[in-house]
Amino acid sequence: MSEPLGGPTQEDAWLPTADSPWQRLDPRSIAVAPVAAVKGGGVPAMIGVVGAASQLGWWALLAIPGLLVAIVLFGVLTYLSTSYLVADGQVRVRRGLLNRTTLTANLDKVRSVDLEAPLLHRVLGISRVEIGTGVDNTRIALDSLGKQQAADLRQFLLRRAHEAPGADEGEADLPAPDTAAAEEGEELGRLDPRWARFAPLKLGGLAVIAGGFGALSQGVDGDAISDMAWADATWQWLAEQVLLLVLLVGFVVALVAWVVLSVAAYLIHWWQLRLTRTPDTLRLTAGLFTTRSTTLELSRIRGLRLNQAPLIRWADGGDLATYATGVEEGVTAILPTAPVGEVERVGSALLGDAAPLTTPLQEHGPAARARLRFQGLVSTGIGAAIGLGVVLAIHQAPADSRPDSLPVIGIAAGLVLLNGLLSWLAVHWQYRHLGHALTARHLVAGSGVYTAQREVLEIEGIIGWVVKQSLFQRRRGLADLVATTAAGPEQVVVHDVPRGRAVALAHRATPEMLAEFLVGEPPVSGPARP
């Protein structure tokens, strides 16, 4: 049989041996798989059985014990049919009883090892391990290992990823992340409960809540409610009140509910957040009910993204995420919405330079502003055309079916004015957020309409350039400069920059990449924004 890579040690006593090469999950996983089955389809199946019993008779309920036995058996079979092996420079996971599936990854290709412990896992003292190789979004998962066993496996895999003969050049000699000091690391950030004040200012969750209320309303029997005496009495009382007061009370109740729910969701997701840096890794742990532990190699972090939604920006806050290679989707949030000063401090510590997050961006000039204004005028014109169409349709309708045109015309005019105002604000904010900068080691791109976004990319992480021009951009001498990279979203775009300045920016950032394609001296960049 194969010995584990590097040979077994006391620290790695849990690893496979010649007598027992393949290892099983923790026996406590037998309790986890049935719960997953119930969440996936067990509850709907039981509801279906109860519904069938109402049609076929009570004997149909005898199927419920059978379902329970099947669910428990599912957990046992999952435990018996899943095993893993770390040996010969590879990690392998084998699943399935009849249809056998084996996932294999070389240790030198391991890019991330994340630990996650949902509530049931925490109660049972086990963790879920996810191993990422960066090849695609496929991750090798071990659903249930003992807490210490999972931590040891992560430590072992990350260490062997550096020590394996096939490790990437320049990484094999990195310090091993298995010492006590490295495991503890330098703390870069910790959750301050006062940051939860930003949670109600992120309005994206309102759509989720509205959708939930809509789904609930579909299951409400209106006829049944109308038959309730208390509902009729409540409606009569509301009808007797001043409409404005009712609306005001409803707004206050909804506002309080939104604040409570958003703050609770923020704290549950980011509870006990701790961001630490070892000599070669960045580790994030957080979560109240589900504990997450994410580890990123510092050598694979190529940049950062700072986002500021409208209300968050006015409250002087922001979100921070990393752009890295070899991780799922390439973008990892490392800080919740927090004061922008704290976000810039953590980002500067990771970049080793404060300039990319604080330096003023260079404006893109009057041509870029004019193009944005034209887009705003087009949007306003479309809104006006729709409003005019509504008015004409009312005017052409038969007199007996024509609604009172004055309120409709007033509403249409109001919507047109609102659309015009929003278009003007969009143009103003989009140009204000638009810009770029180039520091000693980083390219910085600013963009966004209502949400301000600043992307920072290491120059060493740029693997190519693309200059894109639409028909309208060519007429105004503008272009989108795309820096391609293997990290994050795989590209960072400098929008609506004058074409000559785009070429000059690319040449200044990577002169060796463009020198053979340029004739003469490229133009210099424009003035910095005050």
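Is aspartate 496 buried, partly exposed or exposed? In this predicted model, in which local features need pLDDT of at least 70, side-chain atom pairs count only at pLDDT 80 or more and totals for chains, interfaces and linings use all residues, aspartate 496 is buried, with a relative accessible area of 5%. Buried denotes under 20% relative accessible area, exposed over 50%, and partly exposed the range in between, with a 1.4 Å probe and protein chains only. Residues are numbered from 1 along each chain as its sequence is written, and side-chain values use heavy atoms, with hydrogens and water left out.

Aspartate 496 belongs to strand E20 (residues 491–498); helices (H or I, at least four residues) and strands (E, at least two) are DSSP runs, numbered from the N terminus. Although not a glycine, aspartate 496 has a positive phi of about 50 degrees. A positive phi, of about 55 degrees, is also found at glutamine 272, likewise not a glycine. Glutamine 272 is placed in the loop between H9 and E9 and counts as exposed, at 59% relative accessibility.

The structure holds 12 salt bridges, a salt bridge being a side-chain nitrogen of Lys or Arg within 4 Å of a carboxyl oxygen of Asp or Glu. Arg128, Glu130 and Asp143 are linked in a network of such contacts.

Another salt bridge joins the side chains of glutamate 187 and arginine 274 (2.9 Å, N to O). Here too the pair links distant parts of the chain, since glutamate 187 lies in strand E8 (residues 186–190) and arginine 274 in strand E9, 87 residues apart. Glutamate 187 is partly exposed, with a relative accessible area of 37%, and arginine 274 counts as partly exposed at 22% relative accessibility.

Rolling a probe the size of a water molecule over the atoms shows where empty space is left. The largest pocket has a volume of about 550 Å³. Of the 22 residues that line the largest pocket, Leu115, Arg154, Thr285, Thr291 and Ser293 are the closest to its centre. Two or more lining residues are given by each of strand E5 (112–117), strand E6 (126–132), helix H4 (147–163), helix H5 (180–184), strand E9 (274–277), strand E10 (281–286) and strand E11 (291–297). By class, the lining has 6 nonpolar, 7 polar and 9 charged residues. In this classification Ala, Val, Leu, Ile, Met, Phe, Trp, Tyr, Cys and Pro count as nonpolar, Asp, Glu, Lys and Arg as charged, and the others, Gly among them, as polar. On a 1 Å grid over the protein atoms alone, a pocket is an open set of points where a 1.4 Å probe fits, with protein on both sides within 12 Å along at least five of seven lines, and lining residues have an atom within 4 Å of a point. Grid points are joined across faces, edges and corners, and the volume is the space filled by probe spheres set on the points.

On the surface, Leu245, Leu248, Val249, Phe251, Val252, Val253, Leu255, Val256, Val259 and Val260 form a nonpolar patch with about 870 Å² of accessible area together. Patches are made of residues with over 30% relative accessible area and no salt bridge, nonpolar side chains (Val, Leu, Ile, Met, Phe, Trp, Tyr) being joined within 5 Å and like charges within 9 Å. Accessible areas come from the Shrake-Rupley method with a 1.4 Å probe, and for residues only the protein chains shown count as cover. Valine 259, found in helix H9 (residues 243–270), is partly exposed, with a relative accessible area of 33%.

Further pairs were compared by C-alpha separation. Tryptophan 195, in the loop between E8 and helix H6 (204–218), is buried at a relative accessible area of 6%.
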